[in-house]
Amino acid sequence: MYGDKKLLVDEFDTQEGIGRYTVRLEDCEGHFANEYEEIKLFRGVDQIEAAAQTLGLKYLTSEPDTKVVPVFLSTEGTKFGFVFPGETMTMKAIITSRTRNSVKGNCEIKIGEKIVSTINGIDLGLISSIEMAKKMIAREKASRK
């Protein structure tokens, strides 16, 4: 579903619900400008996206026959730390609740043994199929014209 530039999970351990992503230099380009340009950090918003993708994979592997499309909606709370190019994030996702229309969970991001970020209350909406997801997106886009 994601293109190479936005897929933020390189590998996923289905048994443990753990995703890994090695941050590329290009992931950190353009975050700072001018005299701060040499500072290269993996943005907090990208850490949230990586955590949401990991939670989505955790859900999809727990429901292997599903046709559902998880769509990131929100988080309840985050705490960010620094993640640098070349570092491999280990992301452990935990599902905290499920309904027919959503999955909620938390994700802890580690570099080595150090917890650098926590993303709590990740809310993924569950759309019944890719066809339905495309229709919903087209309808929303049309409503803005």
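Reply: Contact here means heavy atoms within 4.5 Å. This is a predicted model, in which local features need pLDDT of at least 70 and side-chain atom pairs count only at pLDDT 80 or more, while totals for chains, interfaces and linings use all residues. Residues are numbered from 1 along each chain as its sequence is written, and side-chain values use heavy atoms, with hydrogens and water left out.

The residue in question is Asp27, which lies in helix α1, residues 25-28. Helices (H or I, at least four residues) and strands (E, at least two) are DSSP runs, numbered from the N terminus. Asp27 counts as buried because its relative accessibility is 11%; buried means under 20% relative accessible area, exposed over 50%, and partly exposed in between (1.4 Å probe, protein chains only).

Apart from neighbours within four places in sequence, Asp27 is in contact with Tyr21, Thr22, Phe42 and Asp46. With Tyr21 there is also a side-chain polar contact of 2.6 Å. A polar contact is a pair of N or O atoms within 3.5 Å; within protein, one must be able to donate a hydrogen and the other to accept it, and residues adjacent in sequence count only if both atoms are side-chain atoms.

The side chain of Asp27 also meets that of Arg24 in a salt bridge, at 2.9 Å from N to O. A salt bridge is a side-chain nitrogen of Lys or Arg within 4 Å of a carboxyl oxygen of Asp or Glu. Arg24 counts as partly exposed because its relative accessibility is 26%. The structure holds seven salt bridges. Another of them joins Lys40 and Glu29, whose closest N and O atoms are 3.6 Å apart. Lys40 and Glu29 are both in the loop between α1 and α2, eleven residues apart. Salt bridges that share partners join Arg24, Glu26 and Asp27 into one network.

Phe42, a contact of Asp27, touches Leu8, Tyr21, Val23, Cys28, Gln47, Val83 and Met89 among others, not counting residues up to four places away in sequence. Tyr21 and Phe42 are among the residues with the most contacts inside the largest nonpolar core, which has 22 residues. The largest share of this core, five residues, comes from α2. A nonpolar core is a set of buried Ala, Val, Leu, Ile, Met, Phe, Trp, Tyr and Cys residues joined through side-chain atoms within 4.5 Å.
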